[in-house]
Amino acid sequence: MKQYLFSIIYLLLLSGCSSLKLTPVDYSWPLEAVIKVDDNGFVREDRYSLKINVQNLFQEEFGVGVDFKGKTIRIIRNSIGTYFITAENFKNVYLFNYDLGSMSLVKKIAVSEVGLKNPFFNQRDTYIELVDENLKLNLTNEGIIGDKK
């Protein structure tokens, strides 16, 4: 009888330790952030409490030794929390997810053979829209959806 009572108490305690989950969550930013890179390679967006060192991003896009100072990046976050980042003259959009103390590259999406001229992002219900001159792309975590315009 004691073992039976002990088992019931143990199961009740164990069920009380289950992890708490809050759903659904919408992580999206309604507007993109347009942020200048400082002399140390950082961008800072106080509205979203975000500070990132983007030196490696510019090196990935243009190679080692690129001058990133004073450049402007464009960043937006979709509903599941992925950051979409690009900039003028970039040929790619980079997708990052939050990691402990860092951001991890999820995907690199090729969007232009010659480099973007004046890109901007728009938040849409199920995708991120990238617009640049005669280009309009719908982007998700999987890549480009629909037709290139």
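This is a predicted model: local features need pLDDT of at least 70, side-chain atom pairs count only at pLDDT 80 or more; totals for chains, interfaces and linings use all residues.
## The largest pocket

Let's begin with the largest pocket, whose volume is about 390 Å³. Its lining is made up of 18 residues, and those nearest the centre are Ile52, Asn53, Phe96, Ser102 and Met103. Two or more lining residues come from each of β3 (50-53), α2 (55-62), β5 (83-87), β6 (92-99) and β7 (102-110).

What classes of residue line the largest pocket? Eleven are nonpolar, five are polar and two are charged.

## The second largest pocket

The second largest pocket holds about 200 Å³ of space. It is lined by 13 residues, with Lys71, Thr72, Ala87, Glu88 and Asn89 closest to its centre. Here the elements that supply two or more lining residues are α2 and β4 (72-77). By class, this lining has five nonpolar, three polar and five charged residues.

Now for the strands. β5 and β6 pair in an antiparallel way over three bridges, and Ile85 has Tyr94 of β6 as its bridge partner. Four residues lie between the two strands of this hairpin, where Asn89 takes a positive phi near 75°. Asn89 is also one of the residues closest to the centre of the second largest pocket.

β6 also runs antiparallel to β7, and eight bridges join them. Tyr98 stands opposite Met103 of β7, and Met103 is among the residues nearest the centre of the largest pocket. How many residues separate β6 and β7 in their hairpin? There are two between the strands, and Gly101 in the turn has a positive phi of about 70°.

Technical notes
Residues are numbered from 1 along each chain as its sequence is written. Side-chain values use heavy atoms; hydrogens and water are left out. On a 1 Å grid over the protein atoms alone, a cavity is a set of points where a 1.4 Å probe fits but cannot get out, and a pocket is an open set with protein on both sides within 12 Å along at least five of seven lines; lining residues have an atom within 4 Å of a point. Grid points are joined across faces, edges and corners, and a volume is the space filled by probe spheres set on the points. Ala, Val, Leu, Ile, Met, Phe, Trp, Tyr, Cys and Pro count as nonpolar, Asp, Glu, Lys and Arg as charged, and the others, Gly among them, as polar. Two strands pair if DSSP finds at least two bridges between them.
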